[in-house]
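Please examine the sequence and the structure shown below. The briefing that follows treats the fold as a whole and then turns to a single residue.

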Amino acid sequence: MKDMKVSHFDDLETRSADQRAADQLASLNLQLRRNGLAPAKALSDLALLPVLRKADLSARQKQNPPFGGLPVSNLAHVFQSPGPIYEPGGVSEDWWRMGRFLHAGGIGKGDIVHNCFGYHLTPAGMMFENGARAVGAAVLPAGTGQTDLQVRAAADVGTTAYAGTPDYLKVILDRAAEMGVTLKIARAAVGGGALFPSLRNEYADRGISCLQCYATADLGNIAYESPAMEGMIVDEGVIVEIVRPGTGDPVPEGEVGEVVVTTLNPDYPLIRFATGDLSAVMAGQSPCGRTNLRIKGWMGRADQTTKIKGMFVRPEQVADLVARHAEVARARVVATRDGEMDAMTVMIETESGDAAPYEKSVLDVLKLRGKVQIVPRGSLPNDGKVIEDQRVYD
């Protein structure tokens with residue numbers, strides 16, 4: 001796609017790489033001090049710190065409710081997500097950084113956003129309302145359900161934009177057609193689920209431009225699409241790392257790994273928070289003129305823990321297996337069935353042709369016997385999987 005002339009939310013989106021790195025390092029060090037940690041000399045020093053996983057955060061919150069002792073400030077709301085995990089919320093401008101995404105989608109002053117994200121306990125509804133306020137748009141706080149009333153409200157109020165999960169807009173549009181009601185919705189900002197190309201195309205056929213974001217209740221907006229629709233642009237208020245599942249070690253550009261995020265929000269300084277999602281860094285920058293890092297979007301889940309022969313095998317164990325042998329580049333555990341029994345094959349990328357040394361390590365680390373298959377370097381798929389379950393359950 002050729003270069004595009006578009007307006008940007010602010011000057012942060014078009015910073016040089018050097019300026020962004022300097023600014024982020026200064027903000028990162030403020031976050032580290034808030035958490036009682038030593039300052040970093042470079043952004044790469046983040047890789048020296050431990051990863052914080054949802055299970056760790058939940059355990060901390062149980063011991064020290066509601067936020068696990070993290071230095072939360074300017075608290076306006078408390079939300080509960082499944083787990084349960086509690087998240088703080090603020091009311092300062094664009095607290096969750098959704099305004100940047102809505103602006104990229106062409107939503108702004110004069111729009112009325114039909115907000116179908118939930119307002120009860122979980123923060124999604126407030127996240128998008130806060131973002132709409134940041135771009136000067138009004139909001140119809142619709143939530144979910146009661147589709148007939150949603151259609152009537154959208155028609156009466158004249159909502160021009162939709163915010164919600166990708167598929168619920170189709171429910172509203174289809175019901176409006178059945179009721180003989182014409183809606184004015186021309187733009188959609190979606191999240192919380194996969195936006196399949198066929199659904200995006202259907203919306204386009206109906207005259208609706210639909211873009212998606214990648215956000216979580218803990219972190220707010222992480223990345224978002226622009227009209228260029230080439231990957232997802234990382235938000236200016238976070239630092240994103242892609243690490244090998246089961247570790248905190250960054251992977252090379254283009255390799256699929258787990259998304260780990262550090263927020264630069266001073267009210268809730270999460271450091272190296274693991275999302276459990278897989279993605280990969282894209283080379284280059286967006287044709288829309290935004291200069292920040294791009295990722296490929298959601299590519300699956302990083303938590304691949306699988307039970308084989310009655311024993312759980314975890315990504316951390318596969319990482320430990322690789323770490324024991326300097327000549328091993330990567331490893332992949334494959335679970336299959338041999339008749340009515342579980343079978344396990346461990347594929348190991350190495351130039352060594354002798355499987356014997358690795359068989360002992362597999363037994364020591366995974367606590368299971370399995371076949372070791374030596375494969376050439378670079379031959380394992382670049383999909384972020386370190387454990388693959390090929391068993392069929394139906």
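The protein chain contains nine helices and 20 strands. The model is predicted.

**Overall dimensions**
- Along the principal axes, the C-alpha atoms of the protein chain occupy a box of roughly 70 × 50 × 50 Å.

**Domains**
- The domain assignment divides the protein chain into domain 1 (11–42 + 65–233 + 283–299) and domain 2 (306–389).
- The centres of domain 1 and domain 2, taken over C-alpha atoms, are separated by 39 Å.

**Packing, surface and charge**
- In the protein chain, 51% of the 394 residues count as buried.
- Of the contacts between residues at least 6 apart in sequence, 62% join residues at least 24 apart.
- The protein chain has an accessible surface of about 18200 Å², and 53% of this surface belongs to carbon and sulfur atoms.
- The protein chain carries 42 positive and 48 negative charges, and the mean positions of the two groups are 1 Å apart.

- Asn221 is part of strand S8, which covers residues 220–224.
- Asn221 has a relative accessible area of 0%, so this residue is buried, the limit for that class being under 20%.
- Leaving aside residues up to four places away in sequence, Asn221 touches several residues, among them Trp96, Arg97, Met98, Phe101, Cys213 and Asp235.

How values were computed: Residues numbered from 1 in each chain as written. Predicted model: local features only at pLDDT ≥ 70, side-chain atom pairs only at ≥ 80, totals over all residues. Heavy atoms only, no water. Helix = DSSP H or I, 4+ residues; strand = E, 2+ residues; numbered from the N terminus. Buried < 20%, exposed > 50% of the residue type's maximum accessible area, 1.4 Å probe, protein only. Contact = heavy atoms within 4.5 Å. Areas by Shrake-Rupley, 256 points an atom, 1.4 Å probe, with all protein chains shown as cover. Lys, Arg positive; Asp, Glu negative; His and termini not counted. Charge placed at Lys NZ, Arg CZ, Asp CG, Glu CD. Domains from an automatic or database assignment.
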